[in-house]
Amino acid sequence: MSNFEKWDKEFRAQNLFAFNNDANALLWLKVRAVCRGKQIEQFLSDNGLTLTSTKISEQNVELFELLERRDDAKSMLDRYLQGKNHEWYTSMGVDEEKLKADLYKVQYYAWGGDQNNSLDKHLVSRYVKVISEYDELVSKQGEIANNAWNYVQNSWYNNWTSYLIESLFKRHPRVISAVGEIKSVDFFIDDFPVDLKVTFFPNQYMDEKIKLKLGKSVLAWLKAKGKELGITMSADDSEAQQIYTLTEKLSEQGHDDIIKMLNDAKRSVIKESQNNPVELMTWLYAHQGEMRFGAENRLFVILADSTDMSQSWKMKRAFSLIEPKVQSYLDIFTNQSLKKIDFAFKKQNYSSLADVIFVVK
């Protein structure tokens, strides 16, 4: 088995841990980062190299095997990728300052679609297959339009905030972009391949920790407090709506001490996670969705508004808070920054390297 076949097999088997601290494996990944036709053509031209293969798949193999024999292979790839780094955020001609200002025009964060953010499935299940009378369907036009708009607006917000946050990393001199869009690698930090995950503090993890602190889930605890005070709400509402209703009614009736107790518990969970990030990162790996499963190295940027967790979505545009955190992290990054994470998924054991940047208001 050739080295190309060896690393290709490891990559497809999700054994990304094998790619850490191995120069040949890193070479394979960086060759994959120039795997597209125009990229290969330019890389060859820039470095005075030629290939005999004409098919892209065969050129990838030939280029890897050619560079395996070159002492200057790493410097050639790094130089090319570093140059492409800057093209990533200039090629689209985005006015970033205007974009940052426009993000503040989004005043609410409500998904159209179902819990999996699938708009088409939501529309089919809620309208197409349920409503048999056309006039009734027509009467739902406004509701359907609102669902579609919410989906588009939130998708737009998430896309461009992610673009801007990723740009903060790719502008740093210690970061090299995987411009060929390798699955599972967004960029390299000091030769460590990393997949960037920008996310909010996970609600399920928070609820599990709150349950340990308060003896009940957030909703059950609020319901119990509400019952003691004669406060009720519809059990037909979603869990999120019930929590919102209970907290609003408690606040209206002057029971801010109860809300404070819950918020203090949430803040303590966040603080404990900052002090022990490995537990949270292990949980995030183990609880990822099956369709998007990956065991690659990950750098989590976790956003949280500890004063009101429901408003954490606004943190994705809080660049005055995010940028210094990213800059500081990259400035002091060492080969010990990424921690080994061992986790199980679908009864299969995996190992990865990961770290987390907390941005907490």
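Phe 300 stands opposite Val 356 in strand β6. That pairing belongs to strand β4, in which Phe 300 points one way together with Arg 298, Ile 302 and Ala 304. Leu 299, Val 301 and Leu 303 point the other way from β4.

Before I continue, a word on the source. This is a predicted model, in which local features need pLDDT of at least 70 and side-chain atom pairs count only at pLDDT 80 or more, while totals for chains, interfaces and linings use all residues. Residues are numbered from 1 along each chain as its sequence is written, and side-chain values use heavy atoms, with hydrogens and water left out.

Let me stay with β4. How many of its seven residues are buried? The count is seven of seven, and β4 is thus described as mostly covered. Buried here means under 20% relative accessible area, exposed means over 50%, and partly exposed lies in between, with a 1.4 Å probe and protein chains only. Helices and strands are DSSP runs numbered from the N terminus, helices being H or I of at least four residues and strands E of at least two.

β4 has partners on record from two strands. With β6 (residues 348-360), β4 pairs in the parallel sense over seven bridges. With β3 (residues 192-200), β4 (residues 298-304) is joined by six bridges, and these two strands also run parallel. Two strands count as paired if DSSP finds at least two bridges between them.

Now the sheet as a whole. In what order do the six strands lie? The order is β1-β2-β3-β4-β6-β5, in an open sheet with mixed pairing. β1 (175-177) and β5 (339-345) stand at the edges with a single partner strand each, so one side of each has no neighbour in the sheet. On average, neighbouring strands are turned by 40° against each other, direction ignored.

From the sheet I move to a loop residue. Val 185 sits in the loop between β1 and β2 (187-189). Is Val 185 buried or exposed? Val 185 is buried, with a relative accessible area of 4%. Leaving aside neighbours within four places in sequence, Val 185 is in contact with Leu 29, Ala 178, Pro 193 and Val 194; contact means heavy atoms within 4.5 Å. Leu 29 is 156 residues away along the chain, and the two C-alpha atoms are separated by 8.7 Å.

Next, the helices. Two packed helices are described by the angle between their axes and the distance between the axes. The axes are lines fitted to C-alpha atoms, for helices over the stretch in contact, and angles run from 0 to 180 degrees between N-to-C directions.

The axes of α6 (residues 96-103) and α9 (residues 141-170) come within 11 Å and cross at roughly 135°. These helices are therefore oblique to each other: angles under 35 degrees count as roughly parallel, over 145 as roughly antiparallel, 65 to 115 as roughly perpendicular, and the rest as oblique. The contact includes Leu 99 and Leu 103 of α6, and Trp 156, Tyr 157 and Trp 160 of α9. By class, its residues divide into seven nonpolar, two polar and three charged. Ala, Val, Leu, Ile, Met, Phe, Trp, Tyr, Cys and Pro count as nonpolar, Asp, Glu, Lys and Arg as charged, and the others, Gly among them, as polar.

In a second pair, the axes of α10 (residues 203-214) and α13 (residues 256-275) come within 10 Å and cross at roughly 115°. Among the residues that meet are Tyr 205, Met 206 and Ile 210 in α10, and Leu 262, Ala 265 and Val 269 in α13. This contact has eight nonpolar, two polar and four charged residues.

Glu 208 is also found in α10. How accessible is Glu 208, and what does it touch? Glu 208 is partly exposed, with a relative accessible area of 34%. Not counting residues up to four places away in sequence, Glu 208 touches Trp 283 and His 287. The C-alpha atoms of Glu 208 and Val 269 are separated by 9.9 Å, the residues being 61 apart along the chain.

Finally, the chain overall. Its secondary structure comes to 15 helices and six strands, and 46% of its 361 residues count as buried.
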